[in-house]
Structures are given as C-alpha cells and as structure tokens.
Protein chains: 2
Amino acid sequence: MPIVDIHTHVYPPSYMQILESRSTVPYVRSFPPSNSSRLFVLPSEDPPSTTSTGRPIGPEYYDIAQKIAFMDTHKIDISVISLANPWLDFFPSSGAAAAAEALNNDLNATCDKFPGRLFAFGALPMSASVEEIVSKIKRLSGMKYMRGVVMGTSGFGKGLDDERLNGVWAALEETGQTVFLHPHYGLPKEVYGPTGGEEYGLVLPLALGFPLETTIAVSRMLLSGVWDRYQGLSVLLAHSGGTLPFLAGRLESCIAHDGKLHREGKIANRRTVWDILQKNILLDAVVYSEVGLKAAVDVAGADRVLFGTDHPFFPPLEENGEKGEWLSVTTNYKAIKDAFGPGEVEKVEGLLGGNAVRLLRLEV
Amino acid sequence: MPIVDIHTHVYPPSYMQILESRSTVPYVRSFPPSNSSRLFVLPSEDPPSTTSTGRPIGPEYYDIAQKIAFMDTHKIDISVISLANPWLDFFPSSGAAAAAEALNNDLNATCDKFPGRLFAFGALPMSASVEEIVSKIKRLSGMKYMRGVVMGTSGFGKGLDDERLNGVWAALEETGQTVFLHPHYGLPKEVYGPTGGEEYGLVLPLALGFPLETTIAVSRMLLSGVWDRYQGLSVLLAHSGGTLPFLAGRLESCIAHDGKLHREGKIANRRTVWDILQKNILLDAVVYSEVGLKAAVDVAGADRVLFGTDHPFFPPLEENGEKGEWLSVTTNYKAIKDAFGPGEVEKVEGLLGGNAVRLLRLEV
C-alpha cells in the first residue's frame with residue numbers, strides 16, 4: 001500500500017516571482033550580507049520585517065526536485081501538492097483568473113514530470129467573479145493530475161457562509177472535486193495579549209490561530225446550511241479539522257440550546273455535525289499527537305483520515321536526525337502508528353495512503 | 001461514591017443587585033409586559049438588548065433552593081459552586097476587595113446551610129492590588145467550605161502571562177488552592193463574520209469563543225513559564241480545557257519548531273504541556289461528547305477529570321424530558337459512561353465524584 005501525503009505545499013517559480021515583487025504580506029525579501037531570503041506570509045508578520053522575523057525560504061518551496069527528495073527521505077510514494085497560503089486571495093480581480101489558470105497549468109505540468117508520484121489541488125481566483133471561478137473549477141476537473149482545489153477561509157472576503165458562494169459549492173459538488181480547506185488569516189493579534197504574542201515567536205498564531213480559524217470557518221459553513229444544500233460536497237480539513245473533532249459535541253449542544261435558533265425553527269431538520277463529519281468531511285492526520293489523531297478517527301472514521309506532512313513548513317531547527325528525517329513528519333507518523341493496535345494494520349495503511357488513493361482517485 | 005458537580009454557577013442575591021443596577025454588560029433588565037428578566041453577560045451581547053437577545057434569568061441563578069433541587073433531580077450529591085462570569089472583573093478597584101469579601105462570606109454561609117452538599121470556589125478582586133488579592137486568597141484558605149478560586153482569563157487586564165500575577169500564583173500555590181479557570185471574553189466579534197455571527201444566536205461565541213479563549217489563556221501561562229516558576233500550582237480548566245487536549249500536540253510541535261524561541265534558548269529545560277497536563281492541570285468533563293471526554297482523559301488521566309454541569313446555563317428549551325432532567329447534563333453523563341468499558345467502573349466513579357472528593361478535599 002503506498003504512502004500518500006495530501007498536505008504538502010509548493011510556491012511554483014511564477015508565484016515566487018510575485019512574492020519577491022511585493023513589499024506587504026505575503027512577500028519574500030533578501031537580507032544582506034548573506035542575501036538569504038525570508039518569507040513573511042502571516043497577517044501577524046506585517047510589519048515588522050527583519051532578519052529575526054519571518055522564516056527562511058529556499059528551494060524547498062519552489063524546486064520540485066527537493067519535494068521528491070523529501071518524499072524519498074520519508075518513504076512517501078505520492079504527494080498531492082497544493083499552492084501554499086495565501087494562494088491568490090490577495091490578487092487583483094482583473095488578473096486573478098489568468099493567474100489561476102497559469103498556476104494550475106504549471107502544477108499539472110509539474111505532476112506530469114513524475115507520473116504516479118504527484119497529483120495536485122488547484123488554485124481558484126477567489127477575487128474574480130463566480131462565473132470565472134466556476135469556469136476554472138470545470139477546467140480543473142478535466143486536468144489529468146488535478147483532484148480538487150485548495151481554498152482559504154475568506155471566500156469573497158466575508159467567509160465561507162456567504163451565499164454568493166453557492167455557485168462555487170455547486171460546481172465543486174457537481175464535478176466531484178474535493179475542497180482542501182486551509183487556514184491563513186488566524187485571529188486578530190490582540191487575542192494573544194498586549195504584544196500580540198510576539199514574545200512567543202509564531203507559536204500562538206500557528207499552534208492556535210490556524211486551527212481556530214479553520215474551526216470557525218467550518219462551523220459557519222455548517223450553521224449556514226452549506227451541507228444541507230450541497231449534500232455531496234466533500235471538504236478536506238487541514239490540521240485534523242482545527243479543533244472540530246474535540247468541539248463537535250459542544251457545538252451540537254450549543255445549537256440544541258440556542259433560544260434564537262429554536263424560535264426561528266432552525267434546529268429541527270438540519271444535518272448534525274456528526275453526520276457531516278462522517279459523510280462530507282475528510283480530515284488530514286496533521287495533528288502531532290496520538291490523542292488528537294484518535295479524536296480525528298473517532299469523529300470521521302479511520303477510512304476518512306489522511307496522512308500529511310505540511311512540508312516545507314516546520315523544518316527541523318537543529319541538524320537533522322537519523323537519515324535526515326523531519327521531526328514534524330515523524331511525530332505524525334508515530335501518532336498514527338501508536339493510535340492503533342497490532343490487529344489494525346489495515347486502518348494504519350488506510351490512513352497512510354489507502355484512503356487517499358481511494359477517496360481522491362490517485363491513479364494515473 | 002458520591003456524584004460531585006465542580007462546574008456549577010451562582011449569582012448570589014447581592015451580585016444580582018449589582019447586575020440589576022447596571023446598563024452595560026453585564027446587566028439584567030426586565031421587559032414589559034411580562035416583566036420577565038433577561039441577562040446580558042457576554043461582550044458580544046452589548047448592544048443591543050431586546051427581548052430576543054440575551055437569555056432568560058430567574059431564581060435558578062440566585063435561589064440556592066433551586067440549585068439543591070437541580071442536584072436532586074440529577075442525583076448530584078455535592079456541588080462546588082462558583083460565582084458565574086464575569087465575576088468581579090468589571091468592578092471599580094476601590095470597592096473590589098470589600099465586594100469580594102462580602103461575596104465569599106455569602107458563599108460560605110450558603111454552603112453552611114447544606115453541610116456536606118455544598119462547597120465553593122471563592123471570588124477574587126482582580127481590579128484591586130496584588131496585596132489585596134493575596135490577602136483575600138489567604139483569607140479564603142481558612143474558610144470552611146472554600147476550596148479554591150474562580151478566575152477569568154483577563155488577570156489585571158493583560159492576560160494570565162502577566163508577570164504582575166506572580167504574587168497571586170505564589171499565594172495560591174502556597175495555600176494549596178485550586179484555580180478554576182473559566183472563559184468569559186471570547187474572541188472579537190469580527191472573527192465570526194460581517195455580522196459577528198448574530199444570525200447563529202450565541203452558538204459561535206459559546207461553542208467556539210469560550211473554549212478558544214481558555215486555550216489561548218492556558219497556552220500563554222505555559223509559554224510564559226508560570227508552571228516552571230510555580231510547579232505546584234493547580235488549575236482546573238473549564239470545558240475540558242477548551243481545546244487544549246486536542247491541540248497539545250500541535251502546541252508542542254510549534255514550540256519545538258519556532259526559530260525565535262530556539263535562538264533565545266527557550267526550548268530546552270522547559271516543562272512540556274504533557275507534563276503540566278498530568279501534574280498541574282485538572283479538566284472538567286463538560287465537553288458534551290465521548291470523543292472529547294476520551295481526549296481529556298488521555299491527556300490528563302482518568303484520575304484528573306471531574307464531572308460538571310455548567311448549571312444554570314444551558315437549560316432545556318423544550319419541556320423537560322423524563323424526570324425533568326436537563327439535556328446538557330445527560331449529554332455529559334452519557335459521554336462519561338460511554339467512554340469506559342464494563343471493567344472500568346472505578347474510573348467512571350472517579351470522574352463522577354471520587355476525583356473531586358480527593359483532589360478538592362471535599363470533607364466537612
């Protein structure tokens with residue numbers, strides 16, 4: 001059974017050029033004397049930009065040979081690559097559709113250089129019109145290596161419960177493409193304290209802001225009835241759903257006890273989060289603990305959780321350990337192996353790759 | 001083995017008078033023609049205030065006889081009552097210490113009317129000076145029914161990683177009192193969308209904002225080294241830790257991969273979240289799902305998770321079911337019973353009451 005990484009990002013060379021041409025987040029800047037480049041991508045990183053903020057960025061982000069080498073090091077047979085955040089969210093609406101098309105062509109061509117080892121989630125021009133987005137979704141469905149789209153939580157700037165997205169969901173459902181829903185915007189800095197949590201580096205926005213953003217976004221989709229309207233819409237949630245597996249019970253309880261929703265008759269006849277977790281939501285296994293992994297499996301089923309690495313983010317800070325393996329990857333491997341008993345090899349194989357091959361149709 | 005509810009709130013009559021005298025959150029207002037009272041307590045409820053916002057408030061909040069009746073209905077032997085949010089956080093500093101003392105006297109006297117059935121977490125005057133707070137902590141430690149303090153996430157207005165709180169932590173550690181850490185402030189409304197999530201009633205702030213606030217607060221305590229300095233400080237986290245059990249792995253991974261913390265030498269020699277979860281943190285069992293309950297038990301141990309109800313919040317919206325039991329309570333009972341096998345009766349009994357009796361010394 002192959003090992004498949006469904007959470008693995010790239011900034012293709014054309015996207016790197018965009019980042020290098022910009023001076024507000026997201027951007028890349030080189031600092032003398034070494035001229036090493038640093039990436040500033042999170043809203044919380046804007047400003048300041050100095051050599052001690054942001055993070056190093058090198059060819060692991062744009063050179064596909066480094067992706068393949070990383071895969072070989074970690075015994076990953078297939079990667080489903082996706083543009084890293086913030087995708088084309090910031091792009092002017094005039095050029096967004098053309099940029100998306102060029103990026104998707106680029107991704108598809110990259111996959112074609114390593115047949116059977118690479119597939120991709122395409123990018124959508126979220127600043128363009130619904131018609132242009134739908135046109136790109138239809139185009140993606142005919143591309144050899146494309147298996148869905150990567151999307152942030154912003155939608156048209158007002159979140160994923162925006163009814164103007166109906167046409168987008170309908171097109172994705174109709175073409176059977178999975179949405180890989182990924183955070184980027186986090187939470188307003190003030191929630192981390194008077195300094196915005198700066199004294200803790202990027203820990204608070206990455207460890208908490210990202211999963212909380214995802215949880216809010218998917219809860220708003222649920223509450224606004226996206227999955228009541230599009231019962232076949234498949235959404236893969238980054239970072240094992242943010243915190244959704246743990247909070248699903250509280251979410252259902254708060255809905256069941258909400259006076260306003262009750263008075264408006266919105267509690268009955270809705271699909272519950274439990275139903276959607278088992279039929280529409282896929283979870284990656286990027287949760288870094290056995291406890292989290294078990295919760296993800298408990299809510300979605302062992303046949304709907306999929307291994308991922310988040311490469312090239314979270315590289316080792318120290319010299320690599322044995323065989324150059326990354327701690328961020330081995331932590332997730334270990335969680336999967338520890339979560340199951342000796343009689344559950346099939347489940348482990350499913351999580352590591354079988355589920356991805358089946359659910360995303362990863363055959364050339 | 002008794003059943004103990006460690007998460008159960010009151011607004012004593014003197015506190016109700018304060019709420020009724022105010023016109024900004026938190027406050028209570030009566031609306032004609034029925035003159036029924038409604039409570040507006042969350043930052044997100046200010047403004048507006050109409051009969052369709054806020055929530056009904058009646059004697060279940062201030063009449064201890066109703067607490068005892070609720071306990072009897074749900075077979076709860078002992079309750080550890082605490083002032084509901086936002087405690088005295090909003091109180092002018094000049095009168096805060098006296099108000100805390102009066103409230104704590106009131107709570108202790110209330111417990112004394114039902115010996116063996118009621119204990120309490122006291123209130124602290126967080127707008128007063130460190131010296132005054134420490135004085136109240138010492139006073140509480142000598143009061144017959146007091147077993148700790150209830151506290152929000154604000155501290156002196158700048159969060160719980162504020163070094164000015166050192167004296168408070170030291171006094172709590174020294175007197176062996178548990179901090180019941182409870183959310184109130186949630187997240188800025190804009191994270192819930194253009195309308196602040198109003199269309200979903202109070203679901204988003206209560207289901208997500210509350211647990212996310214708790215998670216951020218405890219993560220900041222951890223990162224700022226509170227438990228490195230006060231290794232005996234015991235903190236009971238509301239709502240099973242917010243989302244901490246699920247995110248503990250990601251938090252540790254983000255710390256281990258943070259360039260800034262690494263450069264500053266802050267990664268080595270620190271206590272990990274796993275260590276603190278097993279030695280300093282207690283979790284309530286107010287998580288409304290078997291999945292969440294299992295995750296709480298996995299991180300803290302079955303001997304450190306404690307049953308709670310969140311009464312009088314989350315009352316049934318419909319007519320009560322069998323024997324007048326509350327859905328919000330039976331959901332948590334069921335989660336505890338479902339999470340353990342037939343050979344684990346001792347663990348179930350521990351969660352339902354044994355742990356609380358042992359850890360909070362609930363003997364008269």
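How far apart do the C-alpha centres of domain 1 of chain A and domain 2 of chain A lie? The distance between these two centres is 23 Å. The model is a predicted one, in which local features need pLDDT of at least 70, side-chain atom pairs count only at pLDDT 80 or more, and totals for chains, interfaces and linings use all residues. Residues are numbered from 1 along each chain as its sequence is written, chains are lettered from A and ligands numbered from 1 in the order in which they are written, and side-chain values use heavy atoms, with hydrogens and water left out.

**Domains of chain A**

- Chain A is divided into domain 1 (1–86 + 305–364) and domain 2 (152–284), with bounds that come from an automatic or database domain assignment.
- Contact between them (heavy atoms within 4.5 Å) takes 19 residues from domain 1 of chain A and 18 residues from domain 2 of chain A.

**The contact between the domains**

- The buried area is about 1600 Å², with 67% given by carbon and sulfur atoms; this is the accessible area (1.4 Å probe) that two parts lose on being put together, summed over both.
- A:His7, A:Leu42 and A:Ser44 supply 26% of the area that domain 1 of chain A buries against domain 2 of chain A, more than any other three residues.
- Zero salt bridges are counted between domain 1 of chain A and domain 2 of chain A, a salt bridge being a side-chain nitrogen of Lys or Arg within 4 Å of a carboxyl oxygen of Asp or Glu.

**Salt bridges elsewhere**

- Over all chains, the count comes to 28 salt bridges.
- A:Glu101, A:Lys136 and A:Arg139 are linked in a network of salt bridges.
- A:Glu290 and A:Lys294 form a salt bridge, their closest N and O atoms being 3.1 Å apart; the two are separated by about one helical turn, because they are four residues apart in helix H11 (residues 290–300) of chain A. Helices are DSSP runs (H or I, at least four residues), numbered from the N terminus.
- B:Arg164 forms a salt bridge with B:Asp162 at 2.7 Å between the closest N and O atoms. B:Arg164 is partly exposed at 45% relative accessible area, whereas B:Asp162 is buried at 11% (buried means under 20% relative accessible area, exposed over 50%, partly exposed in between, with a 1.4 Å probe and protein chains only).
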